[in-house]
Amino acid sequence: MEELKNALISLFNSKGFIGKKYRLNDIKRALSGMKDVKTSDIIECLRELEIEGEIYVYDYPGDRKLYRSFPHDLKYVQGEISINKYHEGYIESDGIRYKVKLNDLNDALDGDIVIITPTNKMDHGYHVSKVEKIIKRNNGLVIAEVAYDGDRPYIVPFSAKLNGRLEIPQHLIKDYVEGDRIQVRIDMLSDRNTYDAEFVKYIGHKDDPNVEIQMIAAQNDIPVDFSPEALAEAEAIPTEVSKEEKSGRLDLTAETIFSIDGSDTKDRDDAISIQVLPNGNYKLGVHIADVSHYIKPGMALWDDANERGNSVYMVDTVIPMIPHKLSNGICSLNEGVERLTLSCIMEVDKQGKVVGYDFKDCVIKSKKAMTYEDVNECLENDNIVEGYEEFMPDLLIMQELSEILEKAKIKRGYVNFGCNDIKIKLDDDGVPIEIKQVVQHTSQKIIENFMLLAGECAANYCILPSPYRVHERPESEKVDEAFNLLSKSGIRVKSVHEIQNGKVIQSILDQIKDADERQIAANIILRSMNRAGYDVENFGHFGLGLNCYGHFTSPIRRIADLRLHYSIRQQRDNLFDMANFDSYYSEMDEVCRHATKTELNADQAERDANQAAFVRYIDEHLGEKFAGRITYCTGKYIFVKTDEGIDGVIDTDDIEGDIFNFDDRTNSYKGKKSKIKLKIGTPIMLTALDTQREYRTINFGIEYEDLLDIKKAKEEKQKHNQDVMKLIKEKKD
C-alpha cells in the first residue's frame, strides 16, 4: 500500500496531472503499469491521501468524485480545527494561525480535519477564514436534546451549531421525555440536508442535578463506566495486605511515614519520610502506592486504566482511572493500615543534589493522614495542631530540605508562573457557595519538591522505553508575539527572540518592579509556552529546568505513572526480554500519545466543570459587584477574571457612561469621552449582569462610578510612583 501511495503522490504532482481534475478511471489507467493493483486499494489510498492533505476530492451528487493535487493555488489550507465554547474555530498550519467564526464553521465539530479558505481580514493576529469542506470527523459526537412536535419526538443539537437537521429512528427515542439529553454520532451531511444520527448513550434530563457533569464527560470523550470484567477483577482483589504479599519486601511499618494531602482527599497515593544521616545529608523516602502489584498487563483493569489515561476531577466529582474500591481502598496509603509501595529512597546533600537513590518494594503503615492546612498552621504560624506534636521534628527537617530544593530549582531555571487552581465549595444541595484561588504554601511546596525529585530519579533510572514528561522550549514566533503583547500592554522589558531556558524568563520578570505588572507579564509569557506532554523520547522539561523527568508519584490517577512503575520493575528485576524492545517501544509511543490526549480532555473537562460552577454561582449573585482584572482584549470582547478566579466577558455596550473603541495597535479599549484606557491587567470593579448556561458564559458590566474609579486609581498610582522617585532623588542628593 505504501508503494501505491507513493505512486499516486508522484502521479498527482507530475507535469500532466498537477492542478487538473481526474476521474477514478483516469487514475486507474495511469497506474495500469502496476501489477495486481485493486480498485479498492486505489480508493483506500486516495482517501488516506485526502486526509493527509496531499490531494483534494470534489464531491458531486450520486457519489461522483473528481481528484486533483491539493489546490494550494486556491489558497486552501487543511488542518485540525479546535472549537471553543463560543463556537469559534482555530487552526494552525505551517506556523500560521487561522480563526473561523460561528457562521463560517459549516457544521465542523471540534477535532475535525477540515479545509478552510482564508479571507483578507485579520482578527488579532489570526487570519479570518471559512470552512469549505470537512475531510474527516474526529468522533462526530454531539449532545442532543429531545423535543416533541405533538406526540412525535425529535432531537435538536445542544452542544454544537449545525445547519442540517438531526434524524434518528423514532423507536430509539420514543421512550424519552422532553428535555432528555442523549449523545449521538454524526458523519457527513446527506443529500436531504440532514444528519443521520447514531444513538450512543443516554446522558440524563436537563433538570437532573448531575446532568452537567455527565454532559461535560461525554463532550470531552471521557468514559464513565468501567467494563463488567474490570469491576469483577476489582471485587476479587483483597482489601488487606496478606502475609504472602509482604514476603521479600522491605518492612518500613515501624518507620515514621505519613501523607500530606487536601482535607477532602480520598485517594492518598504518596507518603513521605525523612532522616538526617551521620554525614549531614538527608535520607528522603517517597513512598508511592504499588498499583502495578494489583493491576497488570492482561487484566481488564489494566486495559480500562490505559483507555482512561487519567482520573478526571470535576468540582466535587471524580471519574477515577481505577475503581474507587481500589483507589480509595487497598491502593490508598490510609492512616494506620499496612500498604504496599514502590518507594524511591534517596540520599540528598545540603545543596539539594541527589547523591544516591534506589527503588524498593516496601510495606509501610502511615502514621498520620495529614492535611495541607494543618501542616501550614504548624510550620507557618507556629501553632502546633493537636495530634501533630510527635511529627514536628520530621516536618521541620522536611521544611528545611524543601527550602534547599526550592533554591536549587530557581538556580537551574525553574519557571514559576504561580498556581491557577480553583477551590469551589458546595452546599449540601451541590450549589457553589464559595470560590477562591488556591495559594501554594509551605506544605504544598514540600510535597511538590519531594515528588519532583522522585520523578527525576525515576526518569533517569529507566533504560527501557518509558513515558517521559516533556516540555519543549517556546518557539521564537510565539516569543515575539508575547513581547509584542507586553509592549502593547505598556510593560517595558528588554525583549529577546529566543528563550533558551527558564533563567531568561526569570531575568525578564526581574526587570518588572511592580508586583501586579509582574503577574500580568508572567501570564502573557505563559501563553507563549508549549504545553507539556508525554513522549517515549526524552526532550527534557523546559518549565522545570530538568534534562530528564517522568511522572512517578500518582499511579492511582495517571497511566504514565503506572507504566513508569511497570518499566522500573521490569528493568530492576531483569524481567524484560530485549528481543521485544522494538515492539515495546512502539507500544510505549502509543501510550504517550494517548496519555497526552486524555490529559488534554481531562483538563478541558475540569475547566468546563469549573465554568459551569461559576455560572451557577453568579446566577445567585446577579447585580453584585466583584473585584477583578482584564485578562485579554479582542475586537469583540473584554475578557476578565475576578479575584476569586471566575472568568467572564464584558461587551462594551455594558460599560456605562462612555463609548469604548478597540485599538489593535495597543490591544486595548479607549473611552471616547473619558479617555480611560482598558487594557490587559487593568484592575476593575465588575457587575454581574447575566449568564448563558448552555454556553457556560458569564457577562459582566462596568457601572459609571466604577469606571471613574479606574481613572482615579491610575492617577493615585502615578502620584505614588512620582513620590517614590522624589524620595530616591532626595536620598541621592
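The largest nonpolar core in this predicted model has 40 residues, and those with the most contacts inside it are Val291, Tyr294, Ile295, Leu301, Ile322 and Leu326; by nonpolar core I mean a set of buried Ala, Val, Leu, Ile, Met, Phe, Trp, Tyr and Cys residues joined through side-chain atoms within 4.5 Å, where buried is under 20% relative accessible area, with a 1.4 Å probe and protein chains only. Among the elements that each supply at least two residues of this core are helix 6 (228-236), helix 9 (300-308), strand 22 and helix 17 (559-572), while the largest share, five residues, comes from helix 18. Helices (H or I, at least four residues) and strands (E, at least two) are DSSP runs, numbered from the N terminus.

A second, separate core of 38 residues includes Ile274, Val286, Leu379 and Met398.

Leaving aside its neighbours within four places in sequence, Gln570 is in contact, that is, has heavy atoms within 4.5 Å, with Leu464, Leu575 and Phe576.

Ser366, in the loop between strand 22 (354-365) and strand 23 (369-371), is also counted as buried, because its relative accessibility is 2%. Its side chain reaches the backbone oxygen of Lys368 at 3.3 Å. Beyond four places in sequence, the contacts of Ser366 include Ile257, Phe258, Leu333 and Val337.

On the numbers themselves, residues are numbered from 1 along each chain as its sequence is written, and side-chain values use heavy atoms, with hydrogens and water left out. Local features need pLDDT of at least 70 and side-chain atom pairs count only at pLDDT 80 or more, whereas totals for chains, interfaces and linings use all residues.

Terms used:
Buried means under 20% relative accessible area, exposed over 50%, partly exposed in between (1.4 Å probe, protein chains only). A polar contact is a pair of N or O atoms within 3.5 Å; within protein, one must be able to donate a hydrogen and the other to accept it, and residues adjacent in sequence count only if both atoms are side-chain atoms.
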